[in-house]
Amino acid sequence: MAFNSAVITFPGSNCDRDMAVALEKVSGTAPHRVWHGDSALPERLDFIAVPGGFSYGDYLRCGAIASRSPIMQAVVAAAERGVPVLGVCNGFQVLTESGLLPGALLRNSGIRFVCREVGLEVVNAQSLFTAAYEAGQVIRVPVAHHDGNYYADDATLDRLEGEGRVAFRYAEEVNGSARGIAGVLNDAGNVLGMMPHPERAIETTHGGTDGRALFESAIKGLVGA
C-alpha cells in the first residue's frame with residue numbers, strides 16, 4: 001500500500017523541499033506538492049506536512065497570514081476528520097494560529113535567532129509520530145528559529161502535561177519555552193507541532209539520523225493500519 005502524503009508550500013516557505021525529500025526517502029513515494037492558494041487537497045491523503053520557513057515574510061505574526069490561506073481551510077477540515085498533520089517550525093506556528101494546536105510561539109528569550117543542533121527528550125512515545133522512540137530518550141535534532149518560545153497559560157500547560165500531549169521537551173535551554181516544551185499534540189493525537197526539524201536529521205550526511213524515526217513511526221502506523 002503506497003503512502004499518500006502532501007507538503008504545503010506558502011510564499012516564503014524554505015523547508016518544503018527538505019520535508020518532501022524526507023517523506024520520499026523514508027516512504028519510497030514522492031509527496032504531492034500543494035500550493036497555498038489551492039482550495040482543495042489531493043484525495044485520500046494519509047499524511048499532511050506543514051513545513052518551516054517564513055510564510056508571508058512573517059508579517060503580523062509568524063504563521064498568522066498563512067493560517068488564513070485557502071489551503072489551510074482544507075488542512076483544518078482534514079485534521080478534524082483524523083488525517084495526521086505534522087507542522088514543523090513555521091508549520092507549528094501556522095497550526096497554533098489555525099487553532100489546531102493550543103498556545104502560541106513567541107520571540108525567543110534573548111531576542112536572537114537560534115540555529116544549532118539541540119538535545120530533545122521524547123516525552124510521549126505512544127503517539128503515531130513518536131512510537132519508534134522510547135519515553136525519556138534524548139535525541140539530537142537541529143533547530144533554526146527566531147520565534148520558537150512556546151507559550152500557554154498555566155491551566156493549558158497543566159492540561160497538556162496531564163493528558164500526555166507534550167511530545168517533546170528540550171533537554172537544554174534553547175529559547176525560553178514554557179516548561180521546555182518543544183512539541184505538542186492535539187487532543188486526538190493526530191496533529192503534532194514541533195519547532196525542531198526532524199526532516200534535517202534523516203541521513204548520516206546530515207550529521208545524524210535521529211529525526212528519521214518520526215517519519216518511520218508515522219508511515220508504519222498508517223500503512224500498516
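Tutor: Happy to! The largest nonpolar core has 72 residues, and L41, L86 and F168 touch the most other members. Such a core is a set of buried Ala, Val, Leu, Ile, Met, Phe, Trp, Tyr and Cys residues joined through side-chain atoms within 4.5 Å; buried means under 20% relative accessible area, exposed over 50%, and partly exposed in between (1.4 Å probe, protein chains only). Helix α2 (residues 70–81) gives this core its largest share, 7 residues. Helices (H or I, at least four residues) and strands (E, at least two) are DSSP runs, numbered from the N terminus.

This is a predicted model, where local features need pLDDT of at least 70 and side-chain atom pairs count only at pLDDT 80 or more, while totals for chains, interfaces and linings use all residues. Residues are numbered from 1 along each chain as its sequence is written, and side-chain values use heavy atoms, leaving out hydrogens and water.

Now zoom in on L41: beyond residues up to four places away in sequence, L41 touches I8, V34, I48, I71, A74, V75 and A78, where contact means heavy atoms within 4.5 Å.

From there, move to P84, in the loop between α2 and β4 (85–88). P84 counts as buried because its relative accessibility is 6%. Setting aside neighbours within four places in sequence, P84 contacts D46, F47, I48, L128, F129, N190 and L222. P84 and L222 are 138 residues apart in sequence, yet their C-alpha atoms are 9.1 Å apart in space.
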